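I opened this notebook to keep track of what I looked up, one element at a time. The entries follow the order in which I went through the model.

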Amino acid sequence: MTAIRGVYEKTKGSGIWWVRYTDAKGAYHREKVGRRADAITLYNKRQHERTLRRKMPEKFHVKGVTFRDLCNDALEYCAAENNAKSTKELGYKINELLPVFGDTKAEEITKQDIIRWLEAESKAREWKASSRNRWQAALSLIFRVGVDNEKIITNPAARIRRKTESEKVRFLSADEEMRLRKAITNHRHLDALDISLNTGMRQSEQFSLHWRQVNLERRMLHLPKTKNGKPRHIPLNAVAVAAFERLHTSGDGKASAPVFPNGREAQTAVQGTRGWFKDAVTRAAIHEYTWHCNRHTFASRLVMAGVSLRTVGDLLGHRTAQMVMRYSHLAPEHTQDAVDRLVATSTTVAPAVNKASVTTVSD
């Protein structure tokens, strides 16, 4: 019996034949068939499908798919890959997009249609560049999932240029932090602030914590699923550990209990800062500062203390190095250190400078 590549008996002599192959995207598959002749037929069919998907993908997309259909798929994808907050935010955006694009056939929505909508909404709502980019990203995700599911061929939002966002980073000065602490009278709120400033967690990550995620003995936090869908471990310094210990002593402390419980329902976590932080910021006369800025304060203080940008990015859970470059101006010495290293490795000797002969030239 001549061996055929991709067709095999998993158990020799069983008479049950399998096929193995890679699809057009390079993913590996195995299928149980039965008779050898049927396995050969199926293998040839799969090979033919792979060729068609690569050469003529238009033959495989689902005709008549609406934007609404793509939105349902995107929500399902987001729920499986990202955290609950990200899924909720995508749902909010979809609810506003459906009256505009809902029953339109997905393949009829063009890049220009999306640009026109983004421009009109930017003017009407006075969006900042960051807000516009978030909506564009949501649209791109919806179409990208459609492409991945082979329901459409192209993503019309993929090649739209993102708006340049402000590099301004708002972080607390020592004086502002002192005023803010005086304005916060609730001790549990102060502990929440200490944890935020010393871990750099996102608000959704912090206020969804349960005690099983906190290891005070090892001084470590475990976030099983973050904004980008990946787990993260966060080391705790002495200030954060002390805050967690106070919360543990005054609360339930069970592994299944939330670290920040709802006052009325002890087994339910609070949903963020619920306005108390905004009121405290107002009383402290601090301008343009939100809870998310605590994350910037955490990162900025690390950079100013000499911690590398790469390490800061890891602690923040950033997916790319570019996201942490907004803090690079706070550590100008790192560029100086970089060029100074050339002196140690250079084969030339720098000539001595005769200070008396140096002439200062002014513009």
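**Entry 1, the model.** I note at the outset that this is a predicted model, and I read every entry below with that in mind.

**Entry 2, the sheet of E1, E2 and E3.** I looked up the strand order and found an open sheet of 3 strands, arranged E1-E2-E3 with antiparallel pairing. Strand E1 (7–9) and strand E3 (28–34) are the edge strands, each pairing on one side only. From one strand to the next, the twist averages 30°. I then turned to the pairing of strand E2 (residues 17–22) with E3, which is antiparallel and runs over 6 bridges; within it, Trp 18 has Lys 32 of E3 as its bridge partner. Helix H1 (residues 36–55) packs on this sheet and touches E1, E2 and E3, and its direction makes about 10° with that of E2.

**Entry 3, the sheet of E4, E5 and E6.** Here I found 3 strands in an open sheet, in the order E4-E5-E6, again with antiparallel pairing. Strand E4 (214–215) and strand E6 (232–235) each have a single partner strand, so one side of each is left without a neighbour in the sheet. Strand E5 (residues 220–223) pairs with E6 in the antiparallel sense over 4 bridges, and I noted that Leu 221 stands opposite Ile 234 in E6.

I checked the length of helix H5 (residues 129–148) against its residue count: at 1.5 Å a residue, its 20 residues should span 28 Å, and the end C-alpha atoms are 28 Å apart, which agrees. I next asked which residues of H5 are buried. They are Arg 132, Asn 133, Trp 135, Gln 136, Ala 138, Leu 139, Ser 140, Leu 141, Ile 142, Phe 143, Val 145 and Gly 146. These buried residues pack against helix H2 (67–81), helix H3 (84–101) and helix H4 (111–125). After H5 comes Glu 150, and I recorded that its phi is positive, near 60°.

How many disulfides does the structure hold? I found 0 disulfides, where the cut-off that counts is a pair of cysteine sulfur atoms within 2.5 Å.

Note on methods: Residues are numbered from 1 along each chain as its sequence is written. This is a predicted model: local features need pLDDT of at least 70, side-chain atom pairs count only at pLDDT 80 or more; totals for chains, interfaces and linings use all residues. Side-chain values use heavy atoms; hydrogens and water are left out. Two strands pair if DSSP finds at least two bridges between them. The expected span of a helix is 1.5 Å times one less than its number of residues. Buried means under 20% relative accessible area, exposed over 50%, partly exposed in between (1.4 Å probe, protein chains only). Contact means heavy atoms within 4.5 Å. Axes are lines fitted to C-alpha atoms, for helices over the stretch in contact, and angles run from 0 to 180 degrees between N-to-C directions.
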